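Biologist: I am new to this one. Please show me how to read its features, one at a time.

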Amino acid sequence: LGVEVFFVISGYLITLLLLTESEQHGRINFRAFWMRRARRLLPAMWTLLLGVTIYCSLFEREELGKLRGDVIAALIYVFNWFKIWAGDSYFDASALDPLRHLWSLAVEEQFYLLYPVGFLILTRFLKRWALACVLFVAFLSFAFAQWAAYEQPNFAFYFLPARIWELLVG
């Protein structure tokens, strides 16, 4: 439940930032937006990846082969896709998976990449229909997540289209 609440709050804050910038400057500087996100998130993630890699190199050497893919996927913000591809369940408590939590950061970063463009399209070209479009996409995402929960649980958990409704509710 904590991740869902975090996604809602994140969606709200990002929308607020984009609205404020659009109202103050009459446009959205995508490069500045993405650079602010990178400056806020990358240093902590790089430190985490370095620390986990050093720890596994010293104390969990048998995990290094698996860790390599996780680190690369985390660095390029596709950790959620990598976990789907690898067939790794978030709920498999038997496996050492020190970066397991980075799936949510990948989902959030993918949202940060797509949402400002969608926001611009909605506010510039579909102004009158913006809220209806957001609610429709959120509904489709929620419906997909419910279907996926039964058919493909990893998709329901890791996949941006199954999670975007939480960000859009914000």
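Modeller: We go from the whole chain to single residues. This is a predicted model, in which local features need pLDDT of at least 70, side-chain atom pairs count only at pLDDT 80 or more, and totals for chains, interfaces and linings use all residues. Residues are numbered from 1 along each chain as its sequence is written, and side-chain values use heavy atoms, with hydrogens and water left out.

Biologist: How many helices and strands does the protein chain have?

Modeller: Helices (H or I, at least four residues) and strands (E, at least two) are DSSP runs, numbered from the N terminus. Here the protein chain has 8 helices and 0 strands. Its pattern along the sequence reads α-α-α-α-α-α-α-α. Along the principal axes, the C-alpha atoms fill a box of roughly 55 × 40 × 25 Å.

Biologist: What share of the residues is buried?

Modeller: Buried means under 20% relative accessible area, exposed means over 50%, and partly exposed lies in between (1.4 Å probe, protein chains only). Of the 170 residues in the protein chain, 38% are buried.

Biologist: How do I read contacts along the sequence?

Modeller: Contact means heavy atoms within 4.5 Å. Take the contacts in the protein chain between residues at least 6 apart in sequence: 69% of them join residues at least 24 apart.

Biologist: At what angle do α1 and α2 cross?

Modeller: Axes are lines fitted to C-alpha atoms, for helices over the stretch in contact, and angles run from 0 to 180 degrees between N-to-C directions. The axes of α1 (residues 2–25) and α2 (residues 30–59) cross at roughly 145 degrees and come within 12 Å.

Biologist: Is the crossing of α1 and α2 left-handed or right-handed?

Modeller: The rule looks at the near helix: turned anticlockwise from the far one by less than a right angle is left-handed, clockwise is right-handed. The crossing of α1 and α2 is right-handed.

Biologist: Which residues meet there?

Modeller: From α1 come Ile14, Leu17, Leu18 and Glu21; from α2 come Phe33, Arg36 and Arg37. By class, this contact holds 4 nonpolar, no polar and 3 charged residues. Ala, Val, Leu, Ile, Met, Phe, Trp, Tyr, Cys and Pro count as nonpolar, Asp, Glu, Lys and Arg as charged, and the others, Gly among them, as polar.

Biologist: Where does Ile28 lie, and what does Ile28 touch?

Modeller: Ile28 lies in the loop between α1 and α2. Its relative accessible area is 7%, so Ile28 is buried. Leaving out residues up to four places away in sequence, Ile28 touches Leu18, Glu21, Ser22 and Phe119.

Biologist: How many aromatic pairs are there?

Modeller: Rings of Phe, Tyr and Trp (its six-membered ring) pair if their centres lie within 6.5 Å; planes under 30 degrees apart are stacked, over 60 edge-to-face, and the rest tilted. The count is 18 aromatic pairs. Phe157 and Tyr158 are edge-to-face, because their ring centres are 5.5 Å apart and their planes stand at 85 degrees. One aromatic cluster consists of Phe6, Phe7, Tyr90, Trp103, Phe157 and Tyr158. Tyr158 is buried at 1% relative accessible area.

Biologist: What is the phi of Tyr77?

Modeller: Most residues other than glycine have a negative phi. Tyr77 has a positive phi of about 55 degrees, although it is not a glycine. Tyr77 is in the loop between α3 (64–75) and α4 (79–86). At 15% relative accessibility, Tyr77 counts as buried.

Biologist: How many disulfides does the search find?

Modeller: A disulfide is a pair of cysteine sulfur atoms within 2.5 Å. The search of the whole structure finds 0 disulfides. Cys56 is buried at 2% relative accessibility, while Cys133 is partly exposed at 27%.
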